[in-house]
Amino acid sequence: MSIPVGHVLAASAHSRMEAQVLHGVLAAAGLTPMVPDENLADGWASVQQMANAMAVDIYVPKAEAERAREALASARASRDAVFSEDGVHVRPVRFGIVGAGRIVSGRFVPALQQTERAELRRVATRSPARAADFAATCVSSRYEDVFEDPEVEAVYIATHNGLHHEQALAAMRRGKHVLCEKPLGRNARECRELADVAAASGLLLIEGFMYRSHPQLALVQRLLAEGRIGTLRTVEASFSFMLTRKDDVRLKPEWGGGALLDVGCYCVNFARLFLGDLPRRVTAFAAFDATHGIDTSLSGVLDYGEGRHAVVSCGFDGGTRNRALLSGTEGVLSIPEAFLTQPHENKVVLDSAAGHEEFRVESADAFLLMIESFAAAVRGEAAPHLSAEEGWHNARIMDALLLSARRFGAPVTP
Ligand SMILES: NC(=O)c1ccc[n+]([C@@H]2O[C@H](COP(=O)([O-])OP(=O)(O)OC[C@H]3O[C@@H](n4cnc5c(N)ncnc54)[C@H](OP(=O)(O)O)[C@@H]3O)[C@@H](O)[C@H]2O)c1
């Protein structure tokens, strides 16, 4: 039996268990399940009602488990659900990784190993020493091997910024979904091209802003929606650290170096989340490295009009900052550990006329949550948590900030 993917499917099931199994498989197969769990007579009536109202196909499995299994196996074949004795599972998304630097071994792979939603199929690294760390999986010395591996469904791009654009293109051209480390590209032109290819191919292309998946952000959004700080006026975001490695790729302009692309991109992304995709104009000042010409620190203002601003500040020539503030007409919300969150308890602080409140946020691994939400989007179970278009908006603002800084603060429209 074949179930056309994309059709809404109404089904009646005899038992609650059968209903649950059907529900899981249909959802995994990208169908919209409507499975009443009453007995057939009641269920059938409500199925007919729903189907008539929605003018959809009706599928009524026989009560026998075998018949249901056939239907489920067919749905499974069309998508990636696994039917086993203990229920229905969605097949893990098979990842390939290009580049095996610090973020891969320190955060991404440990997170990926904790979830059943993803598995590591292949890692490509030019370094034999790093290859040894991944002996348990397929390892290649050529990045192309990841794109060409038919078993790889999604590619995590973790090379330096200068390779993101060409590697994301190479992956999508071979039909792979892409989770690309930030920034998506070195500039708006690269990001526009990537967004176009993603849109034309229907593949997922998501920028690796893992902080977006941290539950503290959902808490902040809830407090804001509840009006706890009144009307939002100003967003402040800062991210900086001291870069001590003299040969670091972050210093190379041709490899997408510079503080804004490295850490300022978080601040811009954060501002956009709360104030909107594009400000009317921006202005910025920066310190530029005398040897390489890249920005070692940058501070800018994004003017969203009607008295709403974002103040962003980033650098790798000073102390560690990793925080954000949302200031409204009736209070201020602060996130002391906003972007680079470690898996430990966090907090969000609210100061308003009502007093000082601290909200505890349970320990969470933002990388793990990002991987799981990416995998859910690959399987069609959830909307992507970020779009490639967003990467383009981010890049437009960063291009404008850099241009303004090179013009000593002259306003620039992104
Ligand atoms: N989301 C986050 O929290 C977070 C944090 C840090 C960094 N990042 C992003 O993740 C990416 C990697 O950062 P990282 O800190 O892991 O950097 P890293 O340790 O310097 O790794 C960069 C990788 O790029 C590859 N590469 C290819 N050509 C290279 C070249 N000519 N020189 C040097 N490396 C080259 C190398 O992979 P192989 O040698 O293995 O082939 C290297 O391991 C960057 O885009 C960065 O912005 C994200």
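Tutor: Helices (H or I, at least four residues) and strands (E, at least two) are DSSP runs here, numbered from the N terminus. The model is a predicted one, in which local features need pLDDT of at least 70 and side-chain atom pairs count only at pLDDT 80 or more, while totals for chains, interfaces and linings use all residues. Residue numbers start from 1 along each chain as its sequence is written.

Student: How many residues does H8 have, and how far does it reach from its first C-alpha to its last?

Tutor: The expected span of a helix is 1.5 Å times one less than its number of residues. H8, residues 188–201, has 14 residues and reaches 20 Å between its end C-alpha atoms, close to the 20 Å expected.

Student: Which residues of H8 are buried?

Tutor: A residue counts as buried if 20 or more other C-beta atoms, placed from the backbone, lie within 10 Å of its own, as exposed if there are 12 or fewer, and as partly exposed in between. In H8 the buried residues are Ala188, Glu190, Cys191, Leu194, Ala195 and Ala198. They lie on the same side of H8 because they cover an arc of only 155° around the axis, the arc being that of the directions from the helix axis to the C-beta atoms.

Student: What do the buried residues of H8 pack against?

Tutor: They pack against helix H7 (161–173), strand S10 (205–207) and helix H12 (388–406), where a contact requires C-beta atoms, placed from the backbone, within 7 Å.

Student: Which residues touch the most other members of the largest nonpolar core?

Tutor: A nonpolar core is a set of buried Ala, Val, Leu, Ile, Met, Phe, Trp, Tyr and Cys residues joined through C-beta atoms within 7 Å. The largest one has 100 residues, and Val155, Val178, Leu205, Ala271 and Leu401 touch the most other members. Its largest share, eleven residues, comes from helix H10 (residues 259–275), and at least three residues come from each of domain 2 (93–209) and domain 3 (211–363 + 389–406), with bounds taken from an automatic or database domain assignment. Ala271, leaving aside residues up to four places away in sequence, touches Val235, Ala237, Leu302, Ala310 and Val312.

Student: In which sense do S11 and S15 pair, and over how many bridges?

Tutor: Two strands pair if DSSP finds at least two bridges between them. Strands S11 (residues 232–242) and S15 (residues 317–328) pair in the antiparallel sense over nine bridges, and Val235 has Leu326 of S15 as its bridge partner. S15 in turn pairs with S16 (residues 331–335), again antiparallel, over five bridges, and these two strands form a hairpin with two residues between them. Leu326 is bridged to Leu333 of S16, and Leu333 has Leu350 of S17 as its partner.

Student: How many bridges join S17 to S18?

Tutor: Seven bridges join S17 (residues 346–352) to S18 (residues 355–361), and the two run antiparallel. A hairpin joins them through two residues, and Val348 is bridged to Phe359 of S18.

Student: Is Arg212 buried or exposed?

Tutor: Arg212 is buried, because 22 other C-beta atoms lie within 10 Å. Arg212 sits in the loop between S10 and helix H9 (215–225) and, apart from its neighbours within four places in sequence, is in contact with Leu217, His385 and Leu386.

Student: Why do Glu306 and Phe408 count as exposed?

Tutor: Glu306 is exposed because it has 7 other C-beta atoms within 10 Å, and Phe408 is exposed because it has 10 within 10 Å.

Notes
Contact = placed C-beta atoms within 7 Å.
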